[in-house]
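Please find below a short note on the model shown here.

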Amino acid sequence: MLAFIARRLIQSALILLGVSFITFALLYLFPADPVRQIAGRSATPETVANIRAQLGLDQPFVVQYLRYLGNLLQGDLGRSYLQKTEVGTLIVSRLPASLLLMAGAIVCELMLGLTMGIIAAIRRGTGTDNSLMIVSFIGVSAPQFVVGLLLLYVFAVQLRWFPIGGYGTFSHLVLPAVTLGILGSGWYSRMMRSSMIDVLRQDYIRTARAKGLGRARVLFRHALPNAILPIIAMIGIDVGIFMGGIVVVESVFGWPGIGQLAWQAIQRVDIPIIMGVTLVSACAIVLGNLVADIASLLADPRIKVR
Amino acid sequence: MTTQEILSPAAQVAGEAPVVLSVRDLDISVRQQGGVKPLVIGLTFDLRRGETLAIAGESGSGKSLTSLAIMGLLPPPAVHVAAGSIIFGDVDLTKLAETKLQAIRGSRIAMIFQEPMTALNPVMRIGDQLVEALRAHEPLSRQAARTRALEALRAVRLTEPERRLSQYPHELSGGMRQRVVIAMAIALRPDILIADEPTTALDVTVQREVLDLLRDLSRDMGTALILITHDMGVVAEMADRVLVMQSGVMVETAAVGQLFSAPKQAYTQALLAAVPRMGQGREASVKPLWRPLVSIRDMVVTYDLKGGILGRTQSRVHAVEGVTFDIHPGETFALVGESGCGKSTIARALTGLVPHQGIVEFDGETLGSTPAARFAASRQMQMIFQDPMAALNGRMRVGDLVMEPLVIHGIGDVASRRARAEALFDRVGLTRDALDRYPHEFSGGQRQRICIARALALNPKLILADESVSALDVSVQASVLDLLAELKAEMDMSYLFISHDMAIVENIADRVAVMFLGQIVETGSSAQVFGNPQHSYTRRLIDAVPHPDPSRVLPVRAVHASDPPSPVRRVGDPPKRLALRSVGSGHLVASEA
C-alpha cells in the first residue's frame, strides 16, 4: 500500500512538471502583454523596457521557465505583477474558502445524485424514473451561471432564505455549493442509476433474496456497496471539473476563493497568479484522484495493490 | 426386476414419507410485446420428505423458472405465475405476501445456484454473508451466529473454516465458493433444498465432491432435494425420482431406475441416447507415419506478476510448463484437464495470441513470431470458441462474419466470397437466406454452426476447438460433434480439441493428453488413456465423471476442499518438470512422487 502511494506520488510530481511547462508555454505565447497592463497606456517605451527587464520578461523562454521552476522547487510561486504580493500568500489566504465550497458541492452532489439514482433504479421504467432522469438531464445541461443566477433570484431575492453573496456563515455556503453541485448530481444520478440497475441483476442479489433478507437490507447492504464502486473513481475526476466551475460560481456569488483570484488575474494577465492557481488546481486534481483510488482500494477487496 | 428393487433405500422411504411440497397445474408466463407467452404449462408434481427429485431438461424447458417460482423469485414484473398453486405445508406460496415469503425463503426452502463465481457478494466477507443469513431468521447474537456459521462450513467439508469466515469470495476457488453457498443454504436445516445446476460450472473432480456432499447432507438432515440439471449422469447418481421437461411441459416422470432402463417417451429416449458415455474408448484411427502437422517442443508460457515500488517481477504464473506433443494430419488430438491447467493457453500460444517460449513447427516449418508469419499461419489455423454468442459480433450479419476471413486474407471477390459462404452454410446445415440475418436471431447450436462455417472459410489444416460444445444442450452437442467428425473426414483437417468433458473427449479424440498445472501428466491414444489410465490424476478425473447409469454403485468418499494448488511461483523457483516415461506404443506417463 505504501509502495503504491509512493509510486503514485512520484507519478504525480511528473504530471505537475508537465502541467507547469504547458501552462508556462501557453502564457508565453499568449498575445496579451503583461507589461502593458502594469505600465499603463501612457507609459514611455523606456519605462516599458525597464519593467520588462525588471520582471525578466526580456529573457528567452527557456531561461524564464527554468528560473520559474527553480523558484518553484524552493517553494516560491513568485510575486503578483499588480498586487505586489507573494502569490503563495494570496493562494493560501484564498484556498480554504474554495476547499470549503468544493466540499459543500461534493456533499450536495452525492446526496442529490445518489438518492435520485437509487430511486430511479428501483422504480425503473416508471414515471418516477422518467421524471428524475429529466431533472438530471436539466442538471447536466444547464450552464452554471444560469443556475446560479436563478437560485439567487428565487432563494435570495424573492424568498430571502439565503444571503445574496459573501462568505462567513453556513447559509452563505448553501447556494454556491448547490450551484456547483447540480452539474455533478446530474452525472451521478445517471451513473448511479445504471450501476444500480446492473448490480440488481447480479446473481449475488438473487442469493441475498434467496436467504430471505428484506428488501431494504438487500438494497443497502448488498446492492449499494457494489453499485457505488464505479462512482468512487468519478469523485476524483470531479475535482477537476470543479476547478472550472469554481471560477464561474465564485464570481456569481462573490465567494473569496481561488476561482475569483484566477478570474481577476486572467483579466489583468497577471502571469504569476495564473501559474500559481493552475498548479494548485493540478495538485488538487492529482490528489483527488489519488484519494479516490485509495478509497476504491479500501472499498473493493478484489483490487490488489501491485 | 421390478422398479422397487432398483430404487435406492432412500427412495423407498420417500415413497411413504409425507409430501412437503405439492405443485399443482402451475403455469408461468411472461408478458411481452404482443401478449402473454407461456413458459411453463400445467406442471404438477409432489415432493416427499427426504426425497431427491431431479428436474431434467434442456435449456428453455422451464426447469429453472419452476425453481424460481417455488422461491418466489421470478424476475418481476414480466415473468409471473399465471395459474396453479405451490402448496408448502398448508400455505400456497404463489399467493403469499412478500414479507411472509421472506420468512420461508432461506429458512424452510433454500436454494443453491449454478454460478458460484457470482453467487456471493464480492465486497462482503464470507462470514458476514453466512451470519446475515442465520440472523435473518433466528434471533441469534453475532457470536452465536458465528458459531453456527462455523458449524455449517465444517458440514460442507471446507478446510480451515475459521479463516474462511474472514475471507472474501474472490479468495476462494469455484468449488469452495459453491460449498459456501451450500453452507448458507443448509445452515438453517431447510425442509426443501433446491439446487439449480449446482455443479455445471465446476470441474469434474470438484463436481464429484459437491455431489457427494449434497447427497450426504440431504440424507443426514432428511431434507428434500430438488435437483435441476441438464446432465443425465448427475440425474442417475443423485435422483430418486426424475421429472423430464421440454418447452415448459412435463414429458415424463418416473423413478430413476425405471426412467433410465425403460424410458417411455420419445423425447426422453432421444435425450438419453444423446448423452456421451464413457468406456467406449477408441483406438487411434491414424497411424503417425507421416510428418506431424503440428509439432510442439517444450512450450512454456508464463505471465509476470509485478510488485514493489519499482514494479519489478516478483512472481510468475507458470500457465504452460514445458509441454511437448505432435498433432498428425487427419488426427483429433485432445487436451483434457480442469480449469487453470493451461489447456486453453496452449491454443492461444499456438495461434500467436500469447507469447511463448519453445519451438512450434507447423507443416514442417518453424512458426515465426513476426506479425507477418503469424498472419500467414492464421490461414492454416482457425479457432472455434466456447460461447458462440460472444464469439460473433452482434452488429454484423452472419454472412459478413463468415466472409470476413476471406476479406482479411484478400481471397476472391464479392461474388465468389458469397458463393463460398453459401456453400459453407449448406455444409454446416444452415439455410442460405440465414446469411443476411444477425447472430441474435439464431439458437445456440445454430450459432456454433456459424462459427464452424467461419473457421472453415479459409480451408485451414488445423482447427482449434476450445470447449466448443460445452455450452450446448446435449442433443445439440451430439449433432455438432457429428458435424465436426464429418467435416474432418471430408476436408482432411486435424483438430486440437480442448475440453474438460472426459466423456466427449473419449468419444471424439484419436489421441489425448491429460494436463495438470501446466504440464502433461499422461498422453497416448484414447484407448490407452481411458482404457488403461496409469497416472493417479487421470484415474481421478475418469472416476469423477457421473455415469448415466443409476445402478452403478458409488464408492463412499468425503473429500475436504482446501486451497487448490497454484501455478504462481516466486521468481527463481520454477515448478519441477515432470519426466514422462513410456509404458508402451506412444503411451507416456509422468512419474509420480
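**Notes on helix packing, contacts and cores**

1. Helix 11 of chain A and helix 12 of chain A are roughly perpendicular to each other (65 to 115 degrees), because their axes cross at roughly 90 degrees and come within 7 Å. Helices here are DSSP runs (H or I, at least four residues), numbered from the N terminus. Axes are lines fitted to C-alpha atoms over the stretch in contact, with angles from 0 to 180 degrees between N-to-C directions.

2. This is a predicted model, in which local features need pLDDT of at least 70 and side-chain atom pairs count only at pLDDT 80 or more, while totals for chains, interfaces and linings use all residues. Residues are numbered from 1 along each chain as its sequence is written, and chains are lettered from A in the order in which they are written.

3. Which residues make the contact between the two helices? Helix 11 of chain A supplies A:I246, A:V247, A:V249, A:E250 and A:S251, and helix 12 of chain A supplies A:G259, A:Q260, A:A262 and A:W263. Contact requires C-beta atoms, placed from the backbone, within 7 Å. By class there are 5 nonpolar, 3 polar and 1 charged residues; Ala, Val, Leu, Ile, Met, Phe, Trp, Tyr, Cys and Pro count as nonpolar, Asp, Glu, Lys and Arg as charged, and the others, Gly among them, as polar.

4. The contact between the chains takes 23 residues from chain A and 28 residues from chain B. On the chain A side, helix 9 gives the largest share, 7 residues. That side divides into 9 nonpolar, 6 polar and 8 charged residues.

5. In chain B, the domain assignment (automatic or from a database) gives domain 1 (3–108 + 191–274), domain 2 (115–189) and domain 3 (292–380 + 501–545 + 567–593). The centres of domain 1 and domain 3 of chain B, taken over C-alpha atoms, are 40 Å apart. In the contact between them, 6 residues of domain 1 meet 7 residues of domain 3. Helix 10 (residues 204–221) of chain B provides 4 residues of the domain 1 side, its largest share.

6. The largest nonpolar core has 151 residues, of which B:L130, B:A183 and B:V235 touch the most other members. Such a core is a set of buried Ala, Val, Leu, Ile, Met, Phe, Trp, Tyr and Cys residues joined through C-beta atoms within 7 Å; buried means 20 or more other C-beta atoms within 10 Å of a residue's own. Helix 5 (residues 87–122) of chain A gives the most to this core, 13 residues.

Notes
A residue is buried if 20 or more other C-beta atoms lie within 10 Å of its own, exposed if 12 or fewer, and partly exposed in between; C-beta atoms are placed from the backbone. Angles under 35 degrees count as roughly parallel, over 145 as roughly antiparallel, 65 to 115 as roughly perpendicular and the rest as oblique.
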